[in-house]
Amino acid sequence: MRQGFVFIFSPTVDQLPNVIRKIIHIDMDAFYASVEQRDNPTLRGKPVAVGGNAARGVVAAASYEARKFGVRSAMPSITAAKRCPDLVFVRPDFEKYKAVSNQIRSIFLEYTDLVEPLSLDEAYLDVTKARKGPQSATLIAHAIKDAIKKTTELTASAGISYNKFLAKIASDMDKPDGLFVILPEEADEFVAKLPIKKFFGIGAVTAEKMKHAGIFTGADLRKHSLEDLTLRYGKSGTYYYNIARGVDDRSVKPDRERKSISVENTFDTDLTTMSEVKTALLKLTQELFRRYEKYPDRGKTMTVKIKYADFRQITRSKTKSQDIVTIDQLQKLIEEVLSEQLVVEIGIRLLGVGISNFEKPEVTPAQLTIEF
């Protein structure tokens, strides 16, 4: 942990833009589980999993005590229980997590308007021109961490660097309650030594493919030309080529647009009839539309996701020429993609419904008067 380190930028790295940005990535530590432990003292110090404890449940988040046993998010609850027999399951309360997230967001906005949330528990901040406090990203990160602790009784980890890729990597280097800085002059050596599996944007499947190609670290990745990486990995090849050199020109976007809204459910018992499927979809549709109503933009595409008992997954989508504005329209689109052929003998273990293809509501120029 590099406590008290003042973040000073040096414009000596030729890959960097003329204006060197100061980016902070804040990642809350075991957020859902930590909120539950905060609110229920009997859970403190115990292995906790937020999620369903039924045979078909999935872990949404795990406390650090649970992680010591190999319990991870997205793990089937039954697997988690086997790894940690004393695991305590807590049902998620997303409204509570959202309320805490809003408290944290308010702290971010005290320092900059350039806040890009990635989820309820993490966000990028561009503090190149902070609105208050010292003009040191490291000192600002310290102040934010302290404010989060004082306001919510929770800990956060911070990563600091000159771009989003490195800041994201840095926030994971010293968890929990960590603070890690990657200076411009350190980036080349840091990335060269970094294992491929730790590269943000390179998933497990791609990392395995890279290993077969002899790519184990950033230094190995850097040996490959742009043409070679593009040939091997398509459009992602350009991204891999750049991050191997510590280059990431993406800006922090506070108006990051939502691409979809969705809900899903894993069932305790497989669905084997169309009647069961329709009943389950009705409940999901009602919940989806409740969330959709709170979102300002409108979508045109509805998607149904089906996962069978053998884990085979399919999706069926339908797009309207006009926006989906009522729940009746949404239900009609769902009915149009349903067929008896979708219900197979082995049964359905999961159903999901989503809305995508968003467009912002049209407004007249008179409504967009802004004074600079």
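I began with K96, which forms a salt bridge with E36 (a side-chain nitrogen of Lys or Arg within 4 Å of a carboxyl oxygen of Asp or Glu), and the closest N and O atoms of this pair are 3.2 Å apart. I then looked up where the two residues sit: K96 is in helix α4 (residues 94-109) and E36 is in helix α1 (residues 31-39), so the pair links parts of the chain that are 60 residues apart; helices here are DSSP runs of H or I with at least four residues, strands are runs of E with at least two, and both are numbered from the N terminus.

I noted that this is a predicted model, in which local features need pLDDT of at least 70 and side-chain atom pairs count only at pLDDT 80 or more, while totals for chains, interfaces and linings use all residues. Residues are numbered from 1 along each chain as its sequence is written, and side-chain values use heavy atoms, with hydrogens and water left out.

For accessibility I found E36 buried at 7% and K96 partly exposed at 22%, where buried means under 20% relative accessible area, exposed over 50%, and partly exposed in between (1.4 Å probe, protein chains only). I also found E36, R38, D39 and K96 linked in a network of salt bridges.

Next I looked up K175, which forms a salt bridge with D27, the closest N and O atoms being 3.7 Å apart. K175 lies in the loop between α6 (164-171) and β8 (179-181), whereas D27 lies in strand β1 (residues 23-28), 148 residues apart.

Finally, I searched the whole structure and recorded 21 salt bridges.
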